[in-house]
Amino acid sequence: MAEVPNLCDLPMDISEEEFYVNDVPNIMKVNKYSYSHEGRVNCISKIKPCTGKPENSVHLLKKVKAFSTIVKKWKKAGGSANQSFFYDDDLLTPVLVNENIVINKVEIEDAPRTRFLHVKSSQHNIRDSKQKSLKIGGNNTLVASFLAGENVQLEVKIKVDTYFEAKPDKDNLPVALGIVGSKLYLCCTTEEGTTNGVLSLAEVDDIKSKADDDLLPFIFYYRKIDSHNNTFESVAIPGYYLSTSQNEGAKLHLRPRSEVFIREFRLTPSLG
């Protein structure tokens, strides 16, 4: 804290030029108003004021405001008889007001997370490793047959919707398989009362609108076996694969790995 001189001892006839005197070294300031240890003014040494305009008007304005604040608080306290010292808080201007800051707690809800995120769609021809093609059979089923001549036009094209998984596996690519030119998608469910996988064609208006449990029956893990052959494992029923029979004209099924069926397929063009 700093010591405040008696108001009566302050020179009140300071000229404008002296008021705007430039800053001088500390030793000169002490000599102009010399104080004793008791805080009283002993003498006023006359020094010749340096005239001149302020170098920095903003800096001088701050000094004027600070001086004015000190004098007002000094008068309010009853002069030097009641207050000989002032504190740092006394230099605060009236506009600086301490206020309590209220922090409102905001509840943030996590956005719903989906396991699979749709990436792109592409069209492919698909055949099993024995070169059997797929065509539409009765009751909305797919049949694997050798097609030649005019029957080639019966071959269906497959729409492959590729997905990104939240916890990706570099060996497994999530895909959904639909029939080009229709709303039909391959769907995996279990036989009632058993764990046996059942493959069907289900109508879907927009596969991109499905997520999580609604999407899971339509997702297969596409896995490369070699440069030509791939497998499609059901994500909803792990261990069950798209399979065809060795026989001509048999339906496309969902079969476990332990059974002897054809599980390898070729896409034209290849995927990825």
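Where is the place of Asp-212? Asp-212 is in the loop between β11 (197–203) and β12. Strands here are DSSP runs (E, at least two residues; helices are H or I, at least four), numbered from the N terminus. This is a predicted model, in which local features need pLDDT of at least 70, side-chain atom pairs count only at pLDDT 80 or more, and totals for chains, interfaces and linings use all residues. Residues are numbered from 1 along each chain as its sequence is written, and side-chain values use heavy atoms, with hydrogens and water left out.

Asp-212 is not a glycine, although its phi is positive, at about 55°. With a relative accessible area of 35%, Asp-212 is partly exposed. The classes are these: buried is under 20% relative accessible area, exposed is over 50%, and partly exposed lies in between (1.4 Å probe, protein chains only). Gln-131 also has a positive phi, about 70°, and is not a glycine. Gln-131 sits in the loop between β5 (116–128) and β6 (133–137). Its relative accessible area is 35%, so Gln-131 is partly exposed.

Asn-247 belongs to the loop between β14 (240–243) and β15 (250–251). Asn-247 is exposed, at a relative accessible area of 52%.

Now turn to the strands. Strand β8 (residues 157–165) and β9 run antiparallel, joined by five bridges. Two strands pair if DSSP finds at least two bridges between them. Val-160 has Leu-177 in β9 as its bridge partner. Strand β9 covers residues 173–179, and six of its seven residues are buried, so the rest of the structure largely encloses it.

Next comes β12, which runs antiparallel to β9 and is joined to it by four bridges. Leu-173 has Tyr-222 in β12 as its bridge partner. For Pro-174, the bridge partner in β12 is Tyr-221. In a regular strand, side chains alternate between the two faces of the sheet.

β12 is also joined to β13, by five bridges, and these two strands run antiparallel. They form a hairpin with five residues between them. Lys-224 stands opposite Asn-230 in β13.

A pair of aromatic rings is described by the distance of the centres and the angle of the planes. Rings of Phe, Tyr and Trp (its six-membered ring) pair if their centres lie within 6.5 Å; planes under 30 degrees apart are stacked, over 60 edge-to-face, and the rest tilted. Two such pairs turn up in a search of the whole structure. In one, the rings of Tyr-222 and Phe-232 have centres 5.6 Å apart and planes at 55°, so this pair is tilted. Tyr-222 lies in strand β12 (residues 219–224) and Phe-232 in strand β13 (residues 230–234), 10 residues apart. Tyr-222 has 5% relative accessibility and counts as buried. Phe-232 is buried too, with a relative accessible area of 1%.

Phe-232 also pairs with Phe-265, edge-to-face, at 6.2 Å centre to centre and 65° between the planes. Phe-232 is in β13 and Phe-265 in strand β17 (residues 265–268), so the pair ties together parts 33 residues apart in sequence. Phe-265 is buried, at a relative accessible area of 2%. Tyr-222, Phe-232 and Phe-265 form one aromatic cluster.

Together with Ile-126, Leu-134, Ile-158, Leu-177, Leu-186, Leu-242 and Leu-252, Phe-265 lines the second largest cavity. A cavity is a set of points on a 1 Å grid over the protein atoms alone where a 1.4 Å probe fits but cannot get out; lining residues have an atom within 4 Å of a point. What do the lining residues divide into? They are eight nonpolar, no polar and no charged. Here Ala, Val, Leu, Ile, Met, Phe, Trp, Tyr, Cys and Pro count as nonpolar, Asp, Glu, Lys and Arg as charged, and the others, Gly among them, as polar.

The last stop is the segment after β17, where Pro-269 is placed. A cis peptide bond joins Thr-268 to Pro-269, with omega about -5°.

Methods. On a 1 Å grid over the protein atoms alone, a cavity is a set of points where a 1.4 Å probe fits but cannot get out, and a pocket is an open set with protein on both sides within 12 Å along at least five of seven lines; lining residues have an atom within 4 Å of a point.
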